[in-house]
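Biologist: I'd like to go through this model with you, piece by piece. Let's have it on screen first.

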Amino acid sequence: MIDTFPHMHRALEEARRAASRGEVPIGAVVVGPDGAVLAAAGNDVVAAKDPTGHAEMIAIRAAAKAFGSERLEGCDLYVTLEPCAMCAQAIAFARIRRVYFGADDPKGGGITVGARIYSHNTTHHKPEVYGGILERESAQLLRDFFKARR
């Protein structure tokens with residue numbers, strides 16, 4: 001069987017690693033125009049004591065360094081949970097071409113619910129967005145993590 005979403009599987013691996021460190025299990029992967037992985041990260045909010053330590057933010061920062069530009073034009077982002085408003089805006093500022101995400105985030109999402117960053121006229125760059133990619137696996141990972149915390 002051909003894996004049609006290898007980069008999302010990699011994002012899920014990063015999310016599992018984050019969970020093993022006690023972080024909310026969210027993983028992100030930035031892929032360059034040539035299909036090569038530029039950066040991959042899991043959440044690092046708690047350990048780094050950094051409220052901006054979201055997987056997307058960490059991966060975008062690392063990808064920009066690897067890509068040699070603050071603009072990641074032609075690059076795609078794979079993330080296990082719908083990005084929040086902060087991450088959605090960073091995605092726009094980075095000029096990421098496409099966003100693929102797993103589970104919707106009904107409480108903190110910034111794309112399909114909540115702030116809906118890309119629906120505003122003031123958002124200059126609006127990436128293509130595809131949700132529901134390996135949604136079941138992404139959502140289950142989050143459910144299991146929070147269930148174990150209760």
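Biologist: Which residue is the bridge partner of V30 in β2?

Modeller: A39 is the partner of V30 there. Note that this is a predicted model: local features need pLDDT of at least 70, side-chain atom pairs count only at pLDDT 80 or more, and totals for chains, interfaces and linings use all residues. Residues are numbered from 1 along each chain as its sequence is written, and side-chain values use heavy atoms, without hydrogens or water.

Biologist: OK. In what sense do β1 and β2 pair, and over how many bridges?

Modeller: Antiparallel, over five bridges. β1 covers residues 27-31 and β2 covers residues 37-42. Strands pair if DSSP finds at least two bridges between them. The elements themselves are DSSP runs: H or I of at least four residues for helices, E of at least two for strands, numbered from the N terminus.

Biologist: How many residues sit between β1 and β2?

Modeller: Five, in a hairpin. G35 is in the turn, with a positive phi of about 90°.

Biologist: And how many residues of β1 are buried?

Modeller: Five of its five. Buried means under 20% relative accessible area, exposed means over 50%, and partly exposed is in between (1.4 Å probe, protein chains only). G27, V29 and V31 point one way, A28 and V30 the other, and all are buried.

Biologist: What does V30 bridge to in β3?

Modeller: L77. V29 has Y78 as its partner in β3. β1 and β3 pair in the antiparallel sense, over four bridges.

Biologist: How many residues of β3 are buried?

Modeller: Six of its six.

Biologist: Moving on to β4. Does β3 pair with it in the parallel or antiparallel sense?

Modeller: Parallel, over five bridges. V79 is bridged to F101 in β4. The chain goes from β3 through α3 (residues 85-93) to β4, a right-handed β-α-β crossover. Right-handed means that, with the strands pointing away from the viewer, the path from the first strand over the helix to the second runs clockwise.

Biologist: Helices now. Which residues of α4 are buried?

Modeller: S138, A139, L141, L142 and F145. They span an arc of only 155° around the axis, so they lie on the same side of α4. That arc is taken from the directions from the helix axis to the C-beta atoms. An α-helix has 3.6 residues a turn, so residues three or four places apart point the same way.

Biologist: What is exposed on the other side of α4?

Modeller: R136, K147 and A148.

Biologist: And what do the buried residues of α4 pack against?

Modeller: α1 (6-20), β3 (76-81) and β4 (98-103). Contact here means heavy atoms within 4.5 Å.

Biologist: How far does α4 reach?

Modeller: 22 Å from first C-alpha to last, over 15 residues, close to the 21 Å expected. The expected span is 1.5 Å times one less than the number of residues.

Biologist: Back to α1. Which of its residues are buried?

Modeller: H7, M8, A11, L12, E14, A15 and A18. Their arc is only 160° around the axis, which puts them on the same side of α1. The buried residues of α1 pack against β1, β2, β3, β4 and α4.

Biologist: What follows α1?

Modeller: G22, with a positive phi near 85°.

Biologist: Is C75 buried or exposed?

Modeller: C75 is buried, at 0% relative accessible area. C87 is buried, at 0% too.

Biologist: Last thing, the backbone. What is phi of K49?

Modeller: Near 50°, a positive value in a residue other than glycine. K49 is in the loop between β2 and α2 (55-67). At 72% relative accessibility, K49 counts as exposed.

Biologist: Where is R95?

Modeller: In the loop between α3 and β4. R95 has a positive phi of about 65°, although it is not a glycine. R95 counts as partly exposed, at 22% relative accessibility.
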